[in-house]
Amino acid sequence: PNPRALPGEELGKVIAKKRKDLPIIICKDLKEALEKGYFKEKEDTLAFGSLYYIGRLRKEFLLLTDEK
């Protein structure tokens, strides 16, 4: 993990204070986030991170959509 990164739990608290109307779900990895948010709940899924991270998210999404 990057020492400059804000842990998900802390980021979730910051967002929850600003947007009480949004459900905040903290997940341990990309696959869990996509399975819980996008595939199970059929909700838009918002991810924060670097371009590298978004590339990994896209790859995981494509792998999961091929499985469905």
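How much space lies in the largest pocket? I looked this up before anything else. The answer is about 1,300 Å³. I note that the model is predicted.

**Entry: the chain as a whole**

I went through the secondary structure. The chain has three helices and zero strands. From the N terminus on, I read the order of elements as α-α-α. I then looked up the extent of the C-alpha trace. Along its principal axes it spans about 35 × 30 × 15 Å. I also checked burial. The chain has 68 residues, and 12% of them count as buried.

**Entry: the lining of the largest pocket**

I returned to the pocket. I found 35 residues in the lining of the largest pocket. Which of them lie nearest its centre? I wrote down Ile-25, Leu-46, Ala-47, Phe-48 and Tyr-53.

Next I asked which helices supply the lining. Helix 1 (8-18), helix 2 (30-40) and helix 3 (51-67) each supply at least two residues. Helix 1 gives the most, with five residues.

I sorted the lining residues by kind. I have 20 nonpolar, seven polar and eight charged.

**Entry: a patch on the surface**

I looked for nonpolar side chains on the surface. Leu-22, Ile-24 and Ile-26 form a nonpolar patch there. Together they have about 220 Å² of accessible area. I followed one of them, Leu-22. Where is the place of Leu-22? I found Leu-22 in the loop between helix 1 and helix 2. Leu-22 has a relative accessible area of 38%, so I list it as partly exposed.

**Entry: salt bridges**

Side chains of opposite charge can pair when their charged atoms come close. I searched for such pairs and counted three salt bridges.

I started with Asp-21 and Arg-19. Their side chains meet in a salt bridge at 2.7 Å, N to O. Is Asp-21 buried or exposed? Its relative accessible area is 55%, so Asp-21 is exposed. Arg-19 comes to 40%, so Arg-19 is partly exposed.

I moved on to Glu-32. Its side chain meets that of Lys-28 in a salt bridge at 3.8 Å, N to O. Lys-28 is exposed, with a relative accessible area of 70%. Why does Glu-32 count as buried? Glu-32 has 16% relative accessibility, and buried means under 20%.

The side chains of Lys-36 and Glu-32 meet in a salt bridge at 2.8 Å, N to O. Lys-36 and Glu-32 both lie in helix 2. They are four residues apart, about one turn of the helix. Lys-36 is partly exposed, with a relative accessible area of 36%. Salt bridges that share partners join Lys-28, Glu-32 and Lys-36 into one network.

**Entry: what I keep**

- The chain runs α-α-α from the N terminus on.
- The largest pocket holds about 1,300 Å³ of space.
- Leu-22, Ile-24 and Ile-26 make a nonpolar patch on the surface.
- Lys-28, Glu-32 and Lys-36 belong to one network of salt bridges.

Note on methods:
Residues are numbered from 1 along each chain as its sequence is written. This is a predicted model: local features need pLDDT of at least 70, side-chain atom pairs count only at pLDDT 80 or more; totals for chains, interfaces and linings use all residues. Side-chain values use heavy atoms; hydrogens and water are left out. On a 1 Å grid over the protein atoms alone, a cavity is a set of points where a 1.4 Å probe fits but cannot get out, and a pocket is an open set with protein on both sides within 12 Å along at least five of seven lines; lining residues have an atom within 4 Å of a point. Grid points are joined across faces, edges and corners, and a volume is the space filled by probe spheres set on the points. Ala, Val, Leu, Ile, Met, Phe, Trp, Tyr, Cys and Pro count as nonpolar, Asp, Glu, Lys and Arg as charged, and the others, Gly among them, as polar. Patches are made of residues with over 30% relative accessible area and no salt bridge: like charges are joined within 9 Å, nonpolar side chains (Val, Leu, Ile, Met, Phe, Trp, Tyr) within 5 Å. Accessible areas come from the Shrake-Rupley method with a 1.4 Å probe; for residues, only the protein chains shown count as cover. A salt bridge is a side-chain nitrogen of Lys or Arg within 4 Å of a carboxyl oxygen of Asp or Glu. Buried means under 20% relative accessible area, exposed over 50%, partly exposed in between (1.4 Å probe, protein chains only).
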